[in-house]
Amino acid sequence: MPYRKLCAAVMCAAFLTPSALALYPSEMQAGAVGSSPELMKIYELTPEDSPDDIPRDSFELDGYKYGFFEITRDTPLQTTETKEHTETVTLTSPSKDVEAILSLLASEKECKTEDGYEGILRLDVDSIHSEVAGYGSSSKKVSVIRRYPNFSDADLENVPKTTTENGITYNLDGVKWETSNTADVDGYALGDRYTAVATYSGTQKSKYVDGYSVSANYTGILVKSHTPVTRYTAIFIGKLIDPTAQRPAGNIVVPDVPGKVDEDEPSLDTPIIQEPDEPEQPPEAEQPITVPMPWKELLHFGLSVLACVGGIALLLYAYRHIDFQKLSNGLKKLRLRKERRHEEEPDDYDDSLPDNDGSVYPGFGPDV
């Protein structure tokens, strides 16, 4: 039987058990301990897996029956990946001054991405950018004073009710009159010229920047740690199933592990053989594996059936052609004849001598 087919049969028997469905070996190695072969199944377990689920069932392979010996544990293998990452933050500042903005930004920040990378990012000062976030407006009361001289009388009709300055319209609030000249009327000094001191008030509106929008980048190297994998090795020791068959312990066929691709895998016609650890005397030629030929068994069975059928047919043929009544009468006559001869002849007559009268069996000679 080709080695590849033998390995496939062993894999079906040794590994496709209920306990082996959850955990499957990632690699298999063969060796020898003294004269006994050793087979090691290597498992790579994550923290979610339990070493108690590693199969420990016995199995047969290449003329040996392998029994569980022990399980060993290696140091967990932990790997990491790194990548450069940039993260942009935005905020609002009341001023566009760089010093004022730096006081609002942290020099570094922690970062953790959705795909599992994490680390510390640092502020890139050159990436800081600010722009006006919006505008606001305000208003306040303002007033101005106007003097209107040389009125002949103190009449408000002569005073303007509004005035404009710097785009602001002022409304008249009040007027004070001052006498700018007097005249002697009947011995009295009376004013004949007046100056109006008018007070106007208005509202001054102004527009201002309502804050600045600031953006800045944080950059750095993030690290992602893979889930640690622990290697467990299940060791099995083999014993010869047939002790009379001498088989070298070092020549062990290692079954293929489904799903594992080996770039240096030999061709299908090349057996996978683990060489012994130490050179010894050349091993005896391996006994060929004989497989019973089904056609021989079928031939023996057919001949037996044919013989049985022929015997039955012969018996049926004889039954149909023999007259059993005549046969019974002939036997009776033969018995009476021998009794008469025995009475007539002397005592030394030999019954074993054949009769010359012929057979008494109907259908095989003349009748008596």
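Reply: Asn150 counts as exposed, because its relative accessibility is 55% (exposed means over 50% relative accessible area, buried under 20% and partly exposed in between, with a 1.4 Å probe and protein chains only). The model is a predicted one, in which local features need pLDDT of at least 70 and side-chain atom pairs count only at pLDDT 80 or more, while totals for chains, interfaces and linings use all residues. Residues are numbered from 1 along each chain as its sequence is written, and side-chain values use heavy atoms, with hydrogens and water left out.

Asn150 is not a glycine, yet it has a positive phi of about 65°. Asn150 is placed in strand 8, residues 135-151 (strands are DSSP runs of E with at least two residues, helices are runs of H or I with at least four, and both are numbered from the N terminus). A positive phi, of about 55°, is also found at Asn166, again not a glycine. Asn166 belongs to the loop between strand 9 (162-165) and strand 10 (168-185), and with a relative accessible area of 74% it is exposed.

The charged pairs come next. Side chains of opposite charge can pair when their charged atoms come close. A salt bridge here is a side-chain nitrogen of Lys or Arg within 4 Å of a carboxyl oxygen of Asp or Glu, and the count by this rule is eight.

One of them joins Glu178 to Arg147, with the closest N and O atoms 2.7 Å apart. This pair links distant parts of the chain, since Glu178 is in strand 10 and Arg147 in strand 8, 31 residues apart. Glu178 is partly exposed, its relative accessible area being 35%.

Another salt bridge brings together the side chains of Lys109 and Glu87, at 2.8 Å from N to O. Lys109 is in strand 6 (residues 108-112) and Glu87 in strand 5, so this pair ties together parts 22 residues apart in sequence. Lys109 is partly exposed at 23% relative accessibility, and Glu87 is partly exposed with a relative accessible area of 25%.

Arg231 and Asp74 also form a salt bridge, their closest N and O atoms being 3.8 Å apart. Arg231 is in strand 13 (residues 230-240), whereas Asp74 is in the loop between strand 4 (64-73) and strand 5 (80-93); the pair links distant parts of the chain, 157 residues apart. Asp74 is partly exposed, with a relative accessible area of 31%. Both Asp74 and Arg231 belong to a network of salt bridges that also includes Glu27 and Glu44.
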